[in-house]
Amino acid sequence: WFQIVEALDRCCAGRSAGDPAPLREVLLKKQGGVGAGGQAGQRWQAVFLEHARAPAIASTVFGWAVSRFRGHVPEAIYVAVSLLQSLSSSLTDVFKTPEPVFKTPDPDPASTDPSLGPASEDLASTQPTPTPAVPPSSGAVPSTGGAGGSEAGAEGKGAAVQEEYPLQGFLEKLLNSFEPEEGYAELELERLERLVGELIRQRLFDHNRWVHKLIAKGVFEAAAPGGGEKESQSAVLQQRLLANLASYAEARIDHCQRRILLHHVGLLDLEPSAVFYAHKTLRWLWWDGPNELSAQALACVPGAAALAELEQVPADTKAVGRLDVGRIYELEWEEAVQLAWLVHEKEANSSGAFTDGVLAARAEAVVLRSLVSVFREAPMYVKAQLAHHIATTLKVVVDRNKYEKDLELVEEKEIPAGAGLTEVVVVRAVLLLEASGDLRTLVHTLLWLLEHAPSAACAMALLVHLRTVRAIDMSTHVWTAAMGALLAEATAGRAHSAAAIGELMCGMVRQASENDQKTLEERLLKDKA
C-alpha cells in the first residue's frame, strides 16, 4: 500500500501535477488476461485477480484522499475519484472479454453407431451458442436519472441497462469502519463528505442503495442501535453523512426521504439557509458601491424569511458540522454592526467621491468576509446548492431565456435588472466558488464562460486551476474552447482578453504533463490538417 501512496503523492507534486493518466496505467495494469485463443480458466483467473486487488487499491486511495495530510492539495479528491472510476471500469470490463467458443468435433462417420439414429447428427446444433459480451460501442447508455440505479433504454433499441456499482460493497465497508484521527476529526470528516459526494456525482456510489441498507439496519431508529460503542460511532457517522452529503445535478438524491430521516433522528436540516445566502450572493455579485452603503439598503434583507424557518425547528434538534443557527446569526450580527458603523461614518463625515469609494470598498470586504466564512463552514449539501446557484446565475445573465428554468433557490426576476457579466462579477463568483471547495463546478463554469462569454478574468482563473483541470480530465476541452475563444476575441479586436487567453494556452503548454503534451500535439496536428 505504501507504493500506492507514494505514487499518489508523486501524482500531485510538481509543475504538471494532477494528471492521473500515468497513475492509472501503473496501478491498474492488468494482472493477466485472456487472449483471442485463451481458455476459460484463464478468464476466471483474471476475474479473480482483478477482484482480489480491488479492495486494497480502493481502501488505500480512500484513506489517502481523506487524510489530513492531503488537506493542502485541493485536487487530491479529484485524482482519487478519477482513479476509483478507472478501477470501477476495470472491474466491469473484465467480464466483457468474449467467452472462448469450443466447437464440438465432427463425429467420425466410421465410428458412428447406427443404432443412435439421426439424433446424434444434430448433437452439435442443440448446444447453447455462447452469447458474446456487448462491447462499449454497442450504443447501450447508462441511466441519467437518480443515483438509485434506475434503468435507461439502449440507444436505438428498447432494451434496458441496469447501472453497475462494482465498488459499492468496498466503499460501504470503508464508511462503516472509518475513524478520523483524533484532533483532526472535523477536517477529515469534511474531506470524507466531499469524497463520497464526488463518488455519488460520478456514479461510483449509489446513495439510495446505501440509505436503504442503513434503514434496514436500524441506523435511523430513535433508540441507538445495539452492538457496542464502535457500532454507535458508526451510526452517528452515517447520520452525519446523510445530513451533509451534497446533491449534485448529475446525481440527485431523494430530498423527501432525506428530510424525513433527519427529522426522525433529530438532526438539523440547513437547507433553508441556502435560500438566504443565495439572495445575499446575488446582492454581492452586483454590489453597487456607495449606493449599498445606506440605512435604507441595510434595512432591506432579501431572503430573511428563509432563516425564520430555522427558528421553528424543535429545541432538541442539533446540527452536525461547523455551521449551525447560532453561528449564522453570529456572522450576520457581526456584519450588520460593521456595516452600520460604516454608514454612520459616511453620514458623519463630509461626503466625497474618494471617501465614499473607500467606505464602499470596506463594506464590500465586510460582506465578502461573512460570505466566505459561510461557504467554508456550511455542510456540503448547502455548498453544492450555492455553487450550482452561482454557476446558473452566470448562465442566466448571458442567456435568460435558455437557462432561467435551471434556477432553484431564487426566481429569475430576482436577478438585478440589466445585470451584466463584467470581469468584476466573474472574479467575485470565482472567489466564492473557490471558498466552497467545489472546484469541479468552478472549472465547468469557467469552461462554459470561455465558450460563450470569454474574458480575461475567466482565462486567468482557469490558468490558476490547471492542476484541477488535469485532475478531472478536462485539458482537451479547455484547450479546444480556448482556441475558439482566442480566434473570436482576436477577430473582434478585444486585445486584452485575447492576450489573457493566449497566456492560458501558453501556460497549458508549459505546465503540461507528458500525457497532455502528447494529446495537445495530436490536437494541433488535427487542427492544422
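Contact means heavy atoms within 4.5 Å. The views below show a predicted model, in which local features need pLDDT of at least 70, side-chain atom pairs count only at pLDDT 80 or more, and totals for chains, interfaces and linings use all residues. Residues are numbered from 1 along each chain as its sequence is written, and side-chain values use heavy atoms, without hydrogens and water.

**View 1. Leucine 195 in the largest nonpolar core.** A nonpolar core is a set of buried Ala, Val, Leu, Ile, Met, Phe, Trp, Tyr and Cys residues joined through side-chain atoms within 4.5 Å. Buried means under 20% relative accessible area, exposed over 50%, and partly exposed in between (1.4 Å probe, protein chains only). The largest core has 137 residues, and Leu192, Leu195, Leu450 and Leu504 touch the most other members. Helix H4 (residues 76–93) gives the largest share, 10 residues. Helices are DSSP runs (H or I, at least four residues), numbered from the N terminus. Leucine 195 touches Phe62, Ala65, Val66, Ile77, Ala80 and Val81, leaving aside residues up to four places away in sequence.

**View 2. Arginine 203 in a loop.** This loop lies between helix H6 (185–201) and helix H7 (207–216). Arginine 203 is not a glycine, yet its phi is positive, about 60 degrees. Arginine 203 is buried, with a relative accessible area of 17%.

**View 3. Aspartate 473 in a loop.** Phi of aspartate 473 is positive, near 60 degrees. Most residues other than glycine have a negative phi. Aspartate 473 is partly exposed, with a relative accessible area of 39%.

How values were computed: Helices (H or I, at least four residues) and strands (E, at least two) are DSSP runs, numbered from the N terminus.
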